[in-house]
Structure formats: structure tokens, C-alpha cells
Amino acid sequence: MSARRRKSTTKGTEDEQPASPPSSRKGKHKSTGQEGAGGKRPFRSCEKARCPAKKPICFAGSERCAGDGYTSRWYHLSAGEHFCNECFDYYYRSHRDGYKLMSAWKREWSSYGKTEANLKMYMVDEVMPYWVQCTVSGCLKWRMLPNDVQLSRELIQKYCCGMVQVGKQSINNDACNQEEDHRVEQTNDENWLTLLMNPPLLKNSPAAPYLQEYYPDGVGLSATCKVATMGVRGGLSDEHSEDLHPYFQPFYQPEENGKALCVRPDVMEYDEVQEFPEFAREQQMYLGLRNLALALWNTNYKKVVTVEMCVEHLIVRGLVRIVCSRYLKVFLAFLTKKGLVNSGLMQNPHLIKDIIAENSKPDSVIIIGAGPSGLAAGRQLQNFGANVTMLESRNRIGGRIWDDKSLGVCVGKGAQIVNGCINNPIALMCEQAGIKMRKMHIRCDLVEEDGSVTDTTVDKRVDFHFNAMLDAIAEWRRDNENKLDDLSLAKKLQEMHETFIEETSLKFTAKEERLFQFHISNLEYACGCDLSKVSSLYWDQNENFAQFAGDHTLIEDGYMAVINKLGDGLDVRLNTAVKSIDYTGKDVIVQTDDGKTFKAQKVLVTVPLSILKRNLISFKPALPTRKQEAINCLGAGIIEKIGLQFPSRFWSKKVIATDYFGHIPPAVDKRGMFSVFYDMTPPRSFENEHVLMTVVSGEAVQLVQSKTDQEVIDECLRCLRNMFPDEDVPNPTNFFVTHWHKDPHALMAYSYIGIGASGEAYEIIAESINNKVFFAGEATNRHFPQTVTGAYLSGIREAAKICT
């Protein structure tokens with residue numbers, strides 16, 4: 001049944017009917033115990049198959065409780081936890097005092113839970129005693145609290161043997177010397193969970209505020225958990241709502257999908273089932289503990305989530321709390337390796353290393369390339385306890401992230417915008433470091449070269465048509481799946497456009513045709529290439545996977561503010577270009593251009609795709625044919641950026657309350673020339689801090705490559721003066737033009753799927769070789785290619801593989 005909230009019904013179960021008459025009635029009883037003097041039966045064994053309790057003890061303690069004596073029936077809850085038939089009567093029979101307590105609980109449970117509110121569940125949720133571990137060093141024994149003592153976070157933090165309330169300890173000073181209850185040792189049995197009748201449902205878990213739209217007991221919470229029911233009872237209190245950052249949404253809400261790095265709180269993910277198949281059938285225990293850890297991390301993302309921290313919030317009755325505390329270690333290690341917790345700028349190797357098992361890390365790793373993927377992997381591996389050496393061919397870290405401050409403000413020659421901040425690890429690191437992000441406006445005014453601003457109605461009509469053509473291409477792919485020869489996206493898009501014009505007899509004006517070309521240039525910017533080279537079948541294959549949602553933001557201080565903190569403390573050898581990688585022996589041998597040799601157990605290659613395409617690093621043995629083919633079929637896209645500093649903000653009268661404006665090309669051969677201008681001027685600018693940054697993409701890149709920087713700037717100024725004829729557009733006081741196409745360390749901007757290729761190529765490039773040579777970078781991330789986020793996540797992915 002789904003964990004999503006809906007009206008619940010309540011009905012009785014067979015377990016609520018006594019298997020034999022109450023002890024006060026006359027009759028013969030079959031006994032599995034030994035008979036004592038006078039024919040009385042001193043005890044009765046639990047009848048549950050494989051239960052080790054030969055002489056159970058009732059934990060409920062009602063006024064007529066059988067204790068460890070004879071009862072007509074034992075009700076089994078776990079190996080070591082039972083209640084007697086007399087206590088069953090006390091809570092189940094309407095004339096008994098306990099019935100009112102159980103009935104009140106039952107009404108509440110039925111209002112918010114999806115599971116049946118029966119007596120066994122009541123015992124688990126309200127009557128069964130808590131177990132807590134002594135915090136005294138050298139003891140650490142587990143003790144059972146009296147039934148009437150409530151477990152709290154404060155008691156968990158300070159408990160020592162004999163204590164029943166915080167600050168109050170028993171008179172017996174030797175309490176820690178007392179033997180631990182034998183039932184604690186039984187919980188180590190691998191079959192213990194198979195004898196557990198009810199899953200552990202946590203009370204007051206930090207996950208509850210995130211999960212109010214679900215049935216609590218469907219996501220590992222008790223249905224009487226007060227915080228979990230606040231949404232129904234009138235909303236979150238200020239105490240909890242203020243802790244929830246809008247960018248950190250670790251859980252899908254009911255009927256929600258398509259949000260990256262989000263998990264279903266009511267269902268295990270595929271990789272979780274693969275890692276913990278023993279919980280695939282009964283998932284509540286895993287879900288409750290996983291949701292607890294994710295909530296703690298997303299509520300306080302500047303502090304390492306430890307097992308001890310999770311245990312402090314582990315409020316659940318019974319011996320199962322002991323089992324949960326043990327499983328938390330392996331669950332938290334899994335989440336940490338995946339980068340779902342304890343990631344980003346965390347630099348606490350002494351804490352994180354304790355979470356990761358000692359036998360799961362290599363002694364030494366060489367990482368080639370200190371871009372976002374290499375630095376992400378380096379940070380993770382160093383936190384895991386590995387000895388990491390990074391080799392970077394440039395004289396700086398960051399790779400294709402390169403900030404320029406020569407114009408008075410920071411302008412990214414590479415990336416600077418975070419596209420979708422919800423659950424985005426870049427946004428997480430900005431929050432961790434206190435780096436400011438500026439939310440970007442969604443409006444983009446489109447300006448013709450005659451200076452006129454396009455009417456929004458016309459803009460929306462052409463935009464709708466353009467997206468309709470892309471939808472038509474997607475439908476064409478679906479209707480002809482596995483029967484198509486790939487062709488260029490440019491050809492297919494133009495074909496769809498012409499067919500639409502012919503079939504509808506719709507006349508496109510010259511202005512609308514220019515607008516159509518603008519949208520094509522915008523797509524070429526996104527793809528990093530002229531559409532004539534892009535696959536029509538798979539150009540948008542990543543859209544099949546959940547993408548990052550939410551605000552688009554500009555990192556005002558530039559991506560390097562994040563990158564520098566990510567690389568802090570890592571052993572990065574600059575100006576060290578790698579020449580060859582030999583993985584024939586036990587260790588991998590890496591040789592550099594200057595003749596140095598490095599050895600490690602494993603090597604992670606994070607160089608740009610172009611470096612691999614041009615075989616600038618030799619591998620011995622050679623890369624597998626399958627991998628080489630994938631490298632060759634992916635495209636290495638190019639875009640170039642231009643930054644211009646002006647003494648005045650001449651565009652401010654026409655472009656109001658937005659961060660960028662578009663330039664409609666006057667002709668097809670001008671498409672991609674300065675298609676979008678970004679206003680990089682900070683909100684509180686000073687003199688000479690008026691900066692525009694623009695982009696050249698598609699075929700226009702070739703025109704730029706054939707010109708000098710001054711000629712490119714002159715062309716850009718002609719464009720701006722045409723767009724703003726009523727303004728005195730001055731010459732720039734400073735400028736830059738990028739040349740990624742001839743940067744020997746990059747030779748590209750980002751990857752694209754060429755004709756005849758598919759998204760599978762990303763996965764093939766990402767495949768490791770002999771568990772020795774690993775690969776990361778945006779061109780290895782099928783879900784998020786072409787982005788800094790994708791590069792970063794590929795590094796996290798490979799760090800987990802290396803430590804497997």
C-alpha cells in the first residue's frame with residue numbers, strides 16, 4: 001500500500017482474539033512446559049517457530065500480569081519480547097482499565113496511520129520498554145528502562161547504568177559491573193530480524209517535518225509521532241519550519257517526480273535494494289533510518305552526520321533499537337559514499353573516516369586533473385582516509401572553470417551560473433561556505449538590430465512553435481523507435497518547421513523567421529555545437545532523467561570561490577601534465593611530461609573529452625575498443641565568451657529589471673553571434689563596474705576563431721550600437737575574448753551527442769578498467785552532462801567506486 005496519505009479504515013485481526021480461554025476460565029490447556037507440584041504449570045514456552053524464548057517474561061506489567069510465570073498464551077513480538085494473555089485481556093477487554101488507554105491510542109493511530117491499529121501495534125508503540133546504551137567509557141552496555149520512563153535525546157546523551165532520569169542515578173555505584181541482559185546478545189543473531197513481528201517506527205524523527213503529506217507509518221515513523229501529524233493539525237511550528245532550507249528537498253512529495261537527487265521516502269531506490277537486498281521485502285526499518293539520516297543532513301548541512309548523532313534521534317521501543325543502532329553504521333556509510341550526506345566542503349576526515357569501513361578504502365589514489373570532478377573525488381577520498389595525489393597540467397586548479405576579475409567584477413570565462421538550485425551540490429557548497437548567489441530573473445527581452453524590443457506576444461508565439469517542433473521530433477522518435485537512421489538535429493528541425501508551414505498554410509513574417517533563428521542559436525549554445533553535428537535521436541537524452549529544479553542563480557564571486565574551498569588541503573601538483581598511464585602491474589604507474597613517475601593502487605582520470613579524443617595521454621594496455629569508440633563518437637563542443645567593461649550602463653533604459661537580454665540575428669549567417677548579453681553589473685555598482693558578458697556559439701564560433709580579439713570586439717560593438725541607436729555606446733574600457741578551442745588543457749567547452757552516438761557513450765566512458773583506472777568528468781555523466789554539477793557528481797560517483 002502506498003505511504004501517501006488517504007483515509008484509513010480500522011478492522012480487527014485474528015491476533016486480537018485469544019487463542020485459548022483466559023486463565024480465569026476452567027478447562028484443559030495443552031502445555032509445552034513442565035508441570036510442577038499439584039499439577040500447576042510453572043511456565044509455558046513461546047509457540048512462535050524458532051523463537052529462542054523457552055521461558056518468556058512479560059514486559060507489559062498489568063495488574064494481573066503473569067510475569068515470568070504461567071500464562072495460557074504468549075504473544076510474540078520479537079526474540080526476547082512477549083506479553084502474556086493476562087495483559088492481553090487488560091488492554092483488549094472493554095471492562096478492563098487498560099481498554100480506555102488502548103482505545104484512545106487506536107483512534108489517533110487510525111486517524112493518521114495506514115496500518116491496522118491492533119493490540120500488538122499498541123504494545124510496540126506505547127507499552128514496550130525502551131533500551132538505552134550506557135555512555136560510560138569501557139561499559140557501553142545496553143539497559144532496559146522501566147516501562148514508565150520515556151526515552152529522550154537528553155537521556156540518550158547522558159545515560160549511565162542505573163540512571164532512570166537525567167541527573168538521577170541509582171544508589172548502586174557498581175551498576176556498570178552488572179551483567180548485560182542475555183537478550184542483547186541475541187540481537188546479534190542474523191535471524192533476529194526474521195522473528196520481529198512489527199517494524200520499528202520512530203517517534204519524533206527529524207524527518208517528520210519533511211514528510212507530512214505521507215502516512216507516517218509508511219515512511220518509518222510512528223503514526224502517533226506529533227511532528228508528523230502537524231501538517232494535518234495546522235502546519236509546522238516555527239521550531240521546525242525555520243530549519244527547512246528551500247533548496248534542500250531530499251524527499252519527493254506524493255505525486256511529485258522529476259527532481260534530481262531526491263528519494264522516495266516510502267520506497268527504497270534501485271541502488272539501495274542492490275546494496276541491502278535483505279530489506280527489499282520489508283522496507284520500513286531501512287526507510288526510517290535512511291530518512292532520519294537524510295533529514296539530519298539537510299537540516300544542518302555544515303555538520304557531519306555521525307552514527308552517534310543519528311542514535312540520539314533514534315526513539316523507538318524495544319530491543320529493535322539496539323539492532324537499528326548497529327544497522328545505522330552500514331546505512332550511513334552507504335549514504336556517505338553516495339554523497340547524499342557528509343559531502344560538499346566537509347573537511348572532517350577523522351569523523352567521516354570512522355563512518356567508512358577501514359577495509360573499503362585504497363591506500364593510494366592518483367587523480368589526473370584538478371577540475372570540479374577531480375577535486376570532488378579528491379575531497380571525498382581524502383575524507384575516507386585514502387592517500388590522494390592530484391596531478392594538474394595547468395598552473396591553477398579549476399579546469400574549465402576560470403574566473404576573470406580584470407573587468408572590475410567577477411566574470412566566468414567558463415561557468416558562473418547554477419542551473420536549478422534545489423538539491424544542487426553547488427548550491428549546497430555555496431551555503432556551506434557562505435558564498436552569495438544572486439537569483440536570476442526569468443525574463444529575457446529580445447532586441448532587434450534596429451533597436452526595437454520584440455513584442456512579448458510575438459515572442460511567446462514563436463517560442464511556442466519552436467518547442468512544438470522539438471516535441472514533434474520527440475514524437476517522431478517514439479513512433480519509429482529502433483527503426484530510424486540518425487540525422488542531424490538541424491535537418492530534422494528545419495524539416496518539421498517546413499512541414500508545419502506547409503500543412504497549416506501559416507505565413508511566418510521575416511521578424512518571426514529571425515526569432516526562430518534566435519531560438520536555434522539558444523539551443524546551439526545549450527548543446528555547445530552547431531546543430532548540424534548534433535544527433536536528432538539523442539540530443540536531449542538526459543531529459544529522461546530527473547533534472548535540477550528551482551532557481552537559476554549567479555555566483556557573484558565566481559565558481560572559483562567554491563572550487564578554491566573544495567581544493568583546500570588537497571595535495572595538488574600544478575604544472576604537471578600526464579604523458580602516460582601504465583596499469584599492467586599491481587600498481588598503476590603514471591609518467592609526466594617532465595619525466596616524473598608516480599605510483600598508486602588506483603588512478604582516476606578526469607581530463608576533458610578532447611584530451612582523450614586526441615590521445616594526448618597514452619594508456620598501457622590501450623583503452624578497450626568499446627571505450628575508445630565511445631570517446632570518438634561523443635562530440636567536443638565549443639562556445640566562446642566575450643566580456644566588456646563600460647564606463648556607463650547605457651542599456652539600463654531599455655533593459656529593465658532583468659539580468660540578460662537577447663540579440664535577434666539579422667540573418668541566418670549571423671546566428672549565434674552575441675545571441676545573449678548578460679548584465680554582470682553587481683546590484684550596488686561603482687564607477688566602471690558596468691559589465692556585459694556575451695556568448696558566441698554554433699557556426700559563429702568559426703568566424704570568431706578567424707578574427708583577432710579586437711576585430712571580435714569591434715563586431716560586438718557594432719551589434720550593440722545597432723541595438724541601442726538612441727544611446728551613445730562608448731568603447732569598452734577593458735575586455736576579454738576566450739579561446740577554449742585552442743586552450744591546450746581543454747580544447748573544448750563541453751560535450752554533446754553527435755550523429756550516430758547515444759547517451760550510452762557517457763556510461764561507457766565512465767566504466768572503470770580492471771578496478772584500477774577510473775574516469776570522471778562531465779563527459780562521463782549521462783544524467784547531467786555539460787555542467788559543473790555533472791562533473792562534480794561524477795567525481796563523487798567514482799570516489800564511491802574506488803572505495804568499494
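Mentor: In this predicted model, helices are DSSP runs of H or I with at least four residues, numbered from the N terminus.

Trainee: In which helix is the place of Glu-798?

Mentor: Helices carry numbers that start from the N terminus. The stretch of residues 788-802 includes Glu-798, and this stretch is helix α24.

Trainee: Is Glu-798 buried or exposed?

Mentor: A residue counts as buried under 20% relative accessible area. Glu-798 has a relative accessible area of 0%, so Glu-798 is buried.

Trainee: Which side chain does a polar contact join to that of Glu-798?

Mentor: Apart from residues up to four places away in sequence, Glu-798 touches Leu-604, Ala-766, Phe-774, Phe-775 and Ala-776. The polar contact, at 2.6 Å, joins the side chain of Glu-798 to that of Arg-797.

Trainee: In which sense do β14 and β15 pair?

Mentor: Strands of a sheet pair through backbone hydrogen bonds, either parallel or antiparallel. Val-578 stands opposite Thr-592 in β15. Over 4 bridges, strand β14 (residues 578-582) and strand β15 (residues 588-592) pair in a sense that is antiparallel.

Trainee: How is α1 oriented to α3?

Mentor: The axes of helix α1 (residues 85-92) and helix α3 (residues 119-127) come within 11 Å and cross at roughly 90°. Angles of 65 to 115 degrees count as roughly perpendicular. Therefore the orientation of α1 to α3 is roughly perpendicular.

Terms used:
Residues numbered from 1 in each chain as written. Predicted model: local features only at pLDDT ≥ 70, side-chain atom pairs only at ≥ 80, totals over all residues. Heavy atoms only, no water. Helix = DSSP H or I, 4+ residues; strand = E, 2+ residues; numbered from the N terminus. Buried < 20%, exposed > 50% of the residue type's maximum accessible area, 1.4 Å probe, protein only. Polar contact = N/O pair within 3.5 Å; in protein donor to acceptor, adjacent residues only side chain to side chain. Contact = heavy atoms within 4.5 Å. Pairing = 2+ DSSP bridges. Axes fitted to C-alpha atoms, helices over the stretch in contact; angles between N-to-C directions. Parallel < 35°, antiparallel > 145°, perpendicular 65-115°, else oblique.
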